[in-house]
Structure formats: structure tokens, C-alpha cells
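The notes follow in the order in which I looked things up.

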Amino acid sequence: MMKLLTSLFVGLTLLSAPVSAQTGPLRLELDEGIIEPLPFAVPSFVPDSPAASQFAADISRVIAEDLTGTGLFREISPDAFISRVSSFEAPVQFADWKAINADALVTGAVNVSGNTLSVRFRVWDVFSGQELGNGLQFAGTTEGWRRMAHKVADQVYSRITGEGGYFDSRVAFVSETGPKDQRRKRLAIMDYDGANVQYLTDSAAIVLAPRFSPTGDRLLYTSYESGRPRIYVLDVGRVKRQELQTQEGTMSFSPRFSPDGRSIVYSLTQGGNTDLWKMDLASGQSVRLTNTPAIETAPSYSPDGSRIVFESDRSGSPQLYIMPANGGEATRISFGQGRYGTPVWSPRGDLVAFTKQNKGRFHIGVMRLDGSEERLLTASFLDEGPTWSPNGRVIMFARETQGASGRSTLYSVDISGRNLRPVRTPDGGSDPSWGPLLN
């Protein structure tokens with residue numbers, strides 16, 4: 001186990017306590033530095049029934065892709081394998097895996113009976129010849145085979161890094177088609193890696209900023225179908241929606257759920273002024289949280305629900321502020337050069353992600369809650385709209401290219417600024433919202 005962790009985290013800055021001070025299981029936070037990805041092997045899982053052969057191969061491939069996609073792991077090509085795993089119960093020939101420099105080994109078996117699929121797996125520390133944790137089994141339907149692959153990958157990731165996983169999750173986003181000046185937009189939902197896209201609305205009206213509920217079963221979003229921006233809540237499973245009623249003649253937008261899912265915070269414009277409001281979803285009653293001449297928008301709750309970070313131009317340009325969740329005095333936290341917006345509180349509670357515009361470039365960045373340690377992770381013609389993975393390790397955002405034929409694409413990046421990657425979608429994509437781990 002120690003060699004696995006040493007190999008994975010060599011050259012990193014450790015933000016947590018020094019290793020020598022830790023008495024329990026090793027838990028490391030990764031940040032800046034040069035990472036030597038941990039070499040691992042995933043032999044094709046063993047089919048326990050004739051109908052399981054293709055599923056076994058596909059599941060092992062998705063597991064390998066999940067791990068490699070983090071930038072923390074390097075897959076050893078199956079062409080280099082000396083051993084072939086033909087039985088889940090057979091002893092592991094560790095010398096053969098050491099010979100090809102594998103530090104971690106994932107073995108598994110798949111069984112299919114009718115429409116039921118089950119996956120068994122183990123994770124091995126090749127250097128010590130010991131199993132990491134206990135073997136597990138997941139069961140579901142054949143249609144859900146990708147989910148089971150993601151669940152296995154989450155377990156492998158967690159056992160080696162000490163962090164929670166994020167593969168078995170979904171992302172809501174705005175799917176975009178058509179030319180830039182006639183862009184057609186509709187809500188969509190997909191697996192975190194872009195698979196299994198499902199469209200939730202048509203493109204008859206402009207839709208913006210979908211936001212998952214804490215349990216992932218509902219989405220808030222803004223629609224212009226009435227001619228004015230209005231907030232809707234959509235049941236993801238039933239694809240059934242309702243408009244959230246606000247004052248007549250106003251514009252409401254930029255909603256976000258509270259951590260308990262019982263209320264939302266949103267922006268409301270009336271009489272040319274934009275403030276933050278809070279709505280109790282059970283009663284529909286709203287209370288005003290801010291009352292200034294400024295434009296105040298893009299609110300996001302802290303994980304414990306006690307505070308809200310938001311964007312305001314009360315100082316003369318868009319900046320980031322934090323205030324109590326029920327309103328009150330706000331404290332400015334952004335002090336760098338440029339304009340700041342779309343803040344999102346990390347699930348870990350220690351960072352705020354944001355969009356920054358400075359000197360003609362857009363950036364996705366993170367900072368501490370007091371505004372210190374600001375770090376810009378990206379730079380391009382237009383990067384905007386960060387959203388956090390469930391474990392607070394990865395940020396997804398939208399990047400738009402320049403010119404009349406410019407296209408918006410989803411990207412992800414590690415909070416260290418490493419491993420910038422496009423997220424595949426059938427068409428253009430914007431406004432991502434990363435949901436929680438699925439049950």
C-alpha cells in the first residue's frame with residue numbers, strides 16, 4: 001500500500017498534515033507539483049457465463065478509462081501482460097505483474113443471467129502482494145453496465161488515493177446546435193464522461209443554467225419561453241416540470257438549491273434593480289436577502305448551508321462576496337485584477353471556484369474563502385461557468401472558441417490546473433452542473 005501511495009504522489013505539495021503526523025489511514029490532498037502517474041493493469045474481466053463475454057470486456061475498458069482520465073493513473077497496455085487472468089478465484093501471479101512494473105492490479109468477473117448483471121472485483125497492491133480492502137460485488141441490469149463499471153472505478157480510486165470517487169455521477173448541461181447568432185439550446189443530462197445523453201427539453205425556447213438538487217432527482221433552470229427569464233424545477237426521472245412563481249412583472253434567474261433541498265436562492269430583477277432572494281419550496285414564499293442598487297447574482301451555498309457566495313458589482317465592477325445564508329453584511333473576497341463571477345462553493349467547503357475576466361482573457365480559478373491563494377487553472381478566449389465534481393477534485397466548465405463559427409464545448413480540469421480535457425458531447429455544450437454520486 002505504501003509503495004502505491006508513494007508512486008502516485010511523488011513530487012506533490014501536500015496540503016494536509018505531514019505523513020509522519022498521521023496515525024490513521026493515510027489521506028493526502030493533491031495540489032501543485034509534478035505527478036508521476038501510478039502504473040496499473042486491468043486485465044479483461046472474466047466472463048462467468050456465455051452472455052457475459054462482451055460485458056466483461058466493456059466493463060474493464062470503462063474502468064481503465066475512468067482511472068486514466070484522472071491524470072493520476074497510467075494504464076499498462078494489455079500487450080505487455082505476462083499473466084492472463086482466466087479465473088477470479090485463481091491466485092495472482094504477482095511476480096509477473098511486478099515484471100511489467102504494475103503497482104496496482106484490478107481483477108474481476110462478470111455474470112449475466114437474463115437481464116441481470118453482476119460484477120465482482122478485487123484491487124491488489126502488487127508490490128506487497130496484498131489486497132486493498134475487501135472484494136465487492138455490484139448487481140444491476142444489463143442496461144446499467146456502465147454504471148457498475150463506474151462504481152468499481154470509484155472504489156479503486158478511493159482505495160488508492162483515500163479520496164471519494166466521482167465516476168458514478170451525472171452532469172446536466174445545455175446542449176447547443178446551430179450557428180452562433182441563431183443558437184438553439186435544450187437541457188440535457190449525461191454520465192460524467194459524456195455517455196448516455198438524454199434530452200430533457202426541446203429547443204423551442206432558450207434555456208440556461210441547469211442546477212442539480214442535492215439528491216440529483218431535480219433540476220432548476222431558467223427559461224425564456226414567456227419572453228422573460230423565469231425559473232422552473234424539473235423532475236429528472238419523470239421529465240415533469242413546473243414554474244416557480246415570483247412577483248408579477250419581474251425577471252427571475254440564476255437559481256440554486258440549498259444543501260437540504262428545501263429552498264432555493266435566486267436573482268430577481270424588478271424596477272431595474274437585481275437582488276438575491278430565497279424561496280421556501282414547500283410554501284412558495286420568498287424573502288429578500290440583499291437590498292442594494294447593485295446587480296447581485298450567481299449565488300451558491302456553502303456545503304453546510306450557513307453562508308452564500310455571490311457576484312455583485314457594488315464596488316464598481318463584478319466581484320465575489322460572502323454573506324450569511326439569511327442575508328446580512330457581506331464580505332468581499334476577490335481582490336485581484338479583473339472581473340469575477342459565477343462563484344461556486346466546493347463540496348469540501350474550503351474553496352470557491354469562479355470565472356475571471358482580465359486583459360481580454362477568461363479564466364477558471366479557485367481561491368480560499370478569504371480570497372487568499374487565488375489560482376487560475378485555465379485561460380482562453382472564453383472560459384466560464386465552473387461546477388465541482390462530487391469529491392471536489394475536478395472542475396467542469398464551458399469553453400467557447402472565437403469567431404462567427406465559434407463553438408461551446410465542455411472541459412474538465414483538476415484543481416491543481418493539470419489534466420485539462422474536453423468532455424465529449426454529441427453537439428456543443430455549456431452551463432454544466434455536476435450532480436452528486438448516484439445511489
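I began with Glu 176, which I found to be buried, at a relative accessible area of 7%. Its partner in a salt bridge is Lys 185, and the closest N and O atoms of the two are 3.7 Å apart. I note here that the model is a predicted one.

I then asked how many salt bridges there are by this rule. The count came to 24, and I went through some of them one by one.

For Arg 288, I found a salt bridge with Asp 275, in which the closest N and O atoms lie 2.7 Å apart. This pair links distant parts of the chain, since Arg 288 sits in strand E20 (residues 286-288) and Asp 275 in strand E19 (residues 273-280), 13 residues apart. Are the two ends buried or exposed? I looked up both: Asp 275 is buried, at a relative accessible area of 1%, whereas Arg 288, at 36%, is partly exposed.

Next I looked at Glu 374, which forms a salt bridge with Lys 356, with 2.8 Å between the closest N and O atoms. Here too the pair links distant parts of the chain: Glu 374 belongs to the loop between strand E27 (361-368) and strand E28 (375-376), while Lys 356 belongs to strand E26 (residues 351-358), 18 residues away. Lys 356 counts as buried because its relative accessibility is 6%, under the 20% limit, and Glu 374, at 28%, counts as partly exposed. I also noted one network, in which salt bridges that share partners join Glu 163, Arg 348, Arg 393 and Asp 414.

The domain assignment gives domain 1 as 11-19 + 26-161 and domain 2 as 171-437, and I read off 34 Å between their C-alpha centres. Where they meet, 16 residues of domain 1 are in contact with 18 residues of domain 2, and the two domains bury about 1,300 Å² between them, of which 36% is on carbon and sulfur atoms.

Which charged pairs and polar contacts join the domains? I counted two salt bridges between domain 1 and domain 2, and I looked up the one in which the side chains of Asp 193 and Arg 146 meet at 2.6 Å, N to O. Four residue pairs are in polar contact between the domains. On the side of domain 1 that touches domain 2, the elements giving two or more residues are strand E2 (30-33), helix H2 (53-69) and helix H4 (145-161). I sorted the residues of that side into five nonpolar, five polar and six charged.

Terms used:
Residues are numbered from 1 along each chain as its sequence is written. This is a predicted model: local features need pLDDT of at least 70, side-chain atom pairs count only at pLDDT 80 or more; totals for chains, interfaces and linings use all residues. Side-chain values use heavy atoms; hydrogens and water are left out. Domain bounds come from an automatic or database domain assignment. Contact means heavy atoms within 4.5 Å. Buried area is the accessible area (1.4 Å probe) that two parts lose on being put together, summed over both. A salt bridge is a side-chain nitrogen of Lys or Arg within 4 Å of a carboxyl oxygen of Asp or Glu. A polar contact is a pair of N or O atoms within 3.5 Å; within protein, one must be able to donate a hydrogen and the other to accept it, and residues adjacent in sequence count only if both atoms are side-chain atoms. Helices (H or I, at least four residues) and strands (E, at least two) are DSSP runs, numbered from the N terminus. Ala, Val, Leu, Ile, Met, Phe, Trp, Tyr, Cys and Pro count as nonpolar, Asp, Glu, Lys and Arg as charged, and the others, Gly among them, as polar. Buried means under 20% relative accessible area, exposed over 50%, partly exposed in between (1.4 Å probe, protein chains only).
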